[in-house]
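Open the model in a viewer and keep the selection panel at hand.

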Amino acid sequence: VIDAGGSMTIHTFGAYFGLTVAWILNRPKLLQNNHKEGSTAVSDLFSMIGTLFLWMYWPSFNSAVSHHGDAQHRAAINTYCSLAACVVTTFAISSVVNKDGKLAMVHIQNATLAGGVAVGTAAEMYLSPYGSLIVGFICGIVSTLGFTYLS
């Protein structure tokens with residue numbers, strides 16, 4: 001098994017590490033003191049700039065360790081297709097679940113990269129572009145709905 005984008009190792013470790021730290025740092029009265037939690041226009045702007053850079057360069061992350069030639073091209077194409085489907089799906093789902101029908105910046109920042117992460121492990125495999133689009137579509141739905149209803 002070749003983990004082309006490092007998705008299994010990096011993101012699995014990050015997920016379990018984050019859950020462990022959140023569990024350890026949890027205090028009984030923590031929810032009463034979080035009235036200052038939130039974002040501002042400046043922090044949203046800087047986060048979105050970072051998201052755009054990650055979106056543009058994610059295919060190079062996924063294809064960097066692939067074999068030269070066709071495997072690198074497959075990894076880049078599969079990643080772009082998955083990212084594009086994830087973005088379109090995230091925009092659609094975000095406007096549906098938002099009460100005002102507007103896009104939520106936090107959904108866009110969190111869910112638009114999910115397709116690249118999900119296809120990262122199998123980026124250089126013989127996925128068709130249709131398969132990559134399906135992966136991105138599912139990731140956009142799961143990530144946006146998960147952030148909306150599970151956070």
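Relative accessible area sorts residues into buried (under 20%), exposed (over 50%) and partly exposed (in between), with a 1.4 Å probe and protein chains only. The model is predicted: local features need pLDDT of at least 70, side-chain atom pairs count only at pLDDT 80 or more, and totals for chains, interfaces and linings use all residues. Residues are numbered from 1 along each chain as its sequence is written, and side-chain values use heavy atoms, without hydrogens and water.

Select Trp55, which is partly exposed at a relative accessible area of 23%.

Now look for aromatic pairs (ring centres of Phe, Tyr or Trp, the last by its six-membered ring, within 6.5 Å; planes under 30 degrees apart are stacked, over 60 edge-to-face, the rest tilted). The structure holds 4 of these pairs. Phe13 and Phe17 make a stacked one, 5.7 Å centre to centre with 20° between the planes. Both are in helix H1 (residues 7–25), 4 residues apart, so about one helical turn separates them; helices are DSSP runs (H or I, at least four residues) numbered from the N terminus. Phe13 is exposed, at 57% relative accessibility.

Return to Trp55 and Tyr80: their pair is tilted, at 6.0 Å centre to centre and 55° between the planes. Because Trp55 lies in helix H2 and Tyr80 in helix H3 (residues 70–97), the pair ties together parts 25 residues apart in sequence.

Finally, select Met56 in helix H2 (residues 41–63). Met56 is partly exposed, at 40% relative accessibility.

Terms used
Helix = DSSP H or I, 4+ residues; strand = E, 2+ residues; numbered from the N terminus.
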